[in-house]
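Subject: Structure for your files

Dear colleague,

Here is the structure I said I would send. My notes on what was found in it follow below.

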Amino acid sequence: MPQDQLSTKRNEKSFPRRDFLKSASLGTLALALPFSSLPAFLKDMPMGIVVHSYAARWHSKADSQKYPAFDDAIELMEHSKSIGAGGIQVTLNGWSKDFGKQVRAKREQLDMYLEGSIGLPKSTDQIADFEKEVLAAKEAGASVLRTACLSGRRYVNFHTKADFLAFKKNAIRSIELAEPIVRKHKMKLAVENHKDWAAEELVQIIKSIGSEWVGVTLDFGNNVSFLEKPMEVIKTLAPYAFSTHVKDMGIKEYPKGFLLSEVPLGEGVIDLKAAVEMCRKYNPDINFSLEMITRDPLEIPYLTEGYWATFDRFSPSELEQVKERIAQYSFEGELPQVTGLSAEQQLAFEEENVQKCLAYSRSLLHL
């Protein structure tokens, strides 16, 4: 059994929890102040925003005067700057070189960092389009290109180990197709742990590629869904990290396993200060980008047969230890949920969560 999994027999707590009540007043103060009024030391390295933090507002069809849709990277960048963020990570979606120039002009005007989010080529005939997006991102001044190998979730998408291994083979091939392009243009490609790879699996993939231009987008919370200890995941992947998805996670039991949800920073189970320090240890220039996705909790059905199709099964005693830890660190109150909210209410809830996270980041993480 992997040593970094939630069911480990070590006596240490697997999910350190901060005393949020002691820090809440600082977070509230930071949220109340305009960014320009904050002390200088809080503005040195502002946290950025991943586009998925605005999943509801990005290309929204809602007719909202208070929360108008973000239709492109420039609109997202302008809003992010207005609430004190230091940069954005945004999908490229077929950017032209001309649009890349427009993004660069706005980015330089606002003095923000930019990271792109790009799809991998699945075959040789997709390489040319991939290269066009790389060039557009470079024209815009992007420092890193985040990518993901799986759009879904491993325990949902794959029902046999053979299915997963076929996906793994194709995913590695896609990274191999992309590597010469990012190397040619000196752009960093960062593969996310996107509920597809266990931490050690992703390390082995990066090592097998063996390129200084291919590393990791380190998501702080995704691998909780694999029963891996968050800090062990961060320690494992930080040496290879080019970019980050900063998030905090709430967990709560349900009959088939546990519910997992992004929650405002400081309210969940991730040791955020330690995670930031670990990332900086290996990459002092790394950007910290918030991915606070406001949605219904995800179901992690680890007590069902299907969940284990691509994992080594735990023993009954190991499963019991997992259940005990989940109960011990259960989220207080209800996890965030959007079902039943109107479009306007969902947009408001999303904005509230993003701003809570930025406030926490300024006051407690000094980002």
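Glu-291 is buried, at 5% relative accessible area; buried means under 20% relative accessible area, exposed over 50% and partly exposed in between, with a 1.4 Å probe and protein chains only. Before going further: this is a predicted model, in which local features need pLDDT of at least 70 and side-chain atom pairs count only at pLDDT 80 or more, while totals for chains, interfaces and linings use all residues. Residues are numbered from 1 along each chain as its sequence is written, and side-chain values use heavy atoms, with hydrogens and water left out.

Glu-291 sits in the loop between β10 (289-290) and β11 (298-300). Helices (H or I, at least four residues) and strands (E, at least two) are DSSP runs, numbered from the N terminus. The Glu-291 side chain makes a polar contact with that of Lys-247, at 2.8 Å. A polar contact is a pair of N or O atoms within 3.5 Å; within protein, one must be able to donate a hydrogen and the other to accept it, and residues adjacent in sequence count only if both atoms are side-chain atoms. Beyond neighbours within four places in sequence, Glu-291 is in contact (heavy atoms within 4.5 Å) with residues including His-52, Ser-53, Asp-219 and Glu-262.

Ser-53 belongs to the loop between β1 (48-50) and α2 (73-82). With 0% relative accessibility, Ser-53 is also classed as buried. A polar atom of its side chain lies 2.9 Å from the backbone nitrogen of Met-292. Setting aside neighbours within four places in sequence, the contacts of Ser-53 include Glu-350 and Val-354.

Next, the helices. Seven of the eight residues of α8 (230-237) are buried, so this helix is largely enclosed by the rest of the structure. Among the buried ones are Met-231, Glu-232 and Ile-234. The buried residues of α8 pack against α7 (199-209), β6 (214-219), β7 (241-245) and α9 (272-282).

Helix α7 also packs with α6 (161-185), at an angle of about 40° and with the axes 11 Å apart. Axes are lines fitted to C-alpha atoms, for helices over the stretch in contact, and angles run from 0 to 180 degrees between N-to-C directions. α6 is therefore oblique to α7; angles under 35 degrees count as roughly parallel, over 145 as roughly antiparallel, 65 to 115 as roughly perpendicular and the rest as oblique. Phe-164, Ile-172, Ile-175, Glu-176 and Glu-179 of α6 meet Glu-201, Ile-205 and Ile-209 of α7.

Regards
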